[in-house]
Amino acid sequence: VGTDFKIDASYVSPNVSVAESLERAAHTYGVHLLISSNVAETCSPSVASFLRLIDKALIRGSKLPLELHTLDLDVSKLEVVQRDQPIWNTRQRFRARQLLEVEKKRKQACADLMS
C-alpha cells in the first residue's frame, strides 16, 4: 500500500503454475525432489547421471507433457553445515537492492548495444 513497487497478483506466470504442480506431484510420487526435463537439461553431466526419469505427464501451466525426474537420495544421510548468517539491517538491505538494480541496468544496456 502506498508504494511504487506493486505486483499485480491477478497474473501468475506459467512457470509458477508448473512449479506448484511439480511440488504437489512430488508428494504424489513419494519423492523429495521432482524436476522437469527443462531443469534436468541444465544439470551438469555428473549430476544428471544421478537423475531418474519417473514419468511423462501434462502439468498444469505447461502446454506440452513434461518428463519428470527425481534425484534418489537418503536425506537422513545428508550432513547439514551450520553457518552464521549475517544480520542485515534495513539500510544494508536497501543498499544491496540498489546495487542489484544498477547491475541489472548495466547488463540491459550492454544487451541493448549488442542487438
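Colleague: Why is the meeting of the D72 and R52 side chains called a salt bridge?

Modeller: The term requires a side-chain nitrogen of Lys or Arg within 4 Å of a carboxyl oxygen of Asp or Glu. For D72 and R52 the N to O distance is 2.7 Å, so the pair meets the rule. D72 sits in the loop between strand 3 and helix 4, and R52 in strand 2, so the bridge ties together parts 20 residues apart in sequence. This is a predicted model, in which local features need pLDDT of at least 70 and side-chain atom pairs 80 or more, while totals for chains, interfaces and linings use all residues. Residues are numbered from 1 along each chain as its sequence is written, and side-chain values use heavy atoms, without hydrogens and water.

Colleague: How many salt bridges does this rule give?

Modeller: The count is 3. R60 and E20 form one of them, with the closest N and O atoms 3.6 Å apart. That pair links the loop between strand 2 and strand 3, where R60 lies, to helix 1, which holds E20, 40 residues away. E103 and R106 form another, at 2.5 Å from N to O. These two are 3 residues apart in helix 4, so about one helical turn separates them.

Colleague: Why is H69 called buried?

Modeller: Its relative accessibility is 12%, and buried means under 20% relative accessible area, exposed over 50%, and partly exposed in between (1.4 Å probe, protein chains only). H69 therefore falls in the buried class.

Colleague: What class does R60 fall into, and on what value?

Modeller: R60 has 47% relative accessibility and counts as partly exposed. D72 is partly exposed at 44%, and R52 at 39%. Over the protein chain, buried residues make up 18% of the 115 residues.

Colleague: How do you know that strand 2 and strand 3 pair?

Modeller: Pairing requires at least two bridges found by DSSP. Strand 2 and strand 3 are joined by 6 and run antiparallel, so they pair. K56 has E67 in strand 3 as its bridge partner. Strand 1 and strand 3 pair over 3 bridges, again antiparallel, with L34 opposite T70.

Colleague: What makes strand 1 and strand 2 edge strands?

Modeller: The 3 strands form an open sheet in the order 1-3-2. Strand 1 (34-36) and strand 2 (51-57) each pair on one side only. Helix 1 (residues 14-29) lies across strand 1, strand 2 and strand 3, running at about 135° to strand 1.

Colleague: What makes L73, V75 and L78 a nonpolar patch?

Modeller: A patch takes residues with over 30% relative accessible area and no salt bridge, joining like charges within 9 Å and nonpolar side chains (Val, Leu, Ile, Met, Phe, Trp, Tyr) within 5 Å. L73 has a relative accessible area of 39%, so it passes the 30% cut-off. L73 lies in the loop between strand 3 and helix 4 (90-114). Together, L73, V75 and L78 have about 250 Å² of accessible area (Shrake-Rupley method, 1.4 Å probe, only the protein chains shown counting as cover for residues).

Notes
Helix = DSSP H or I, 4+ residues; strand = E, 2+ residues; numbered from the N terminus. Contact = heavy atoms within 4.5 Å. Axes fitted to C-alpha atoms, helices over the stretch in contact; angles between N-to-C directions.
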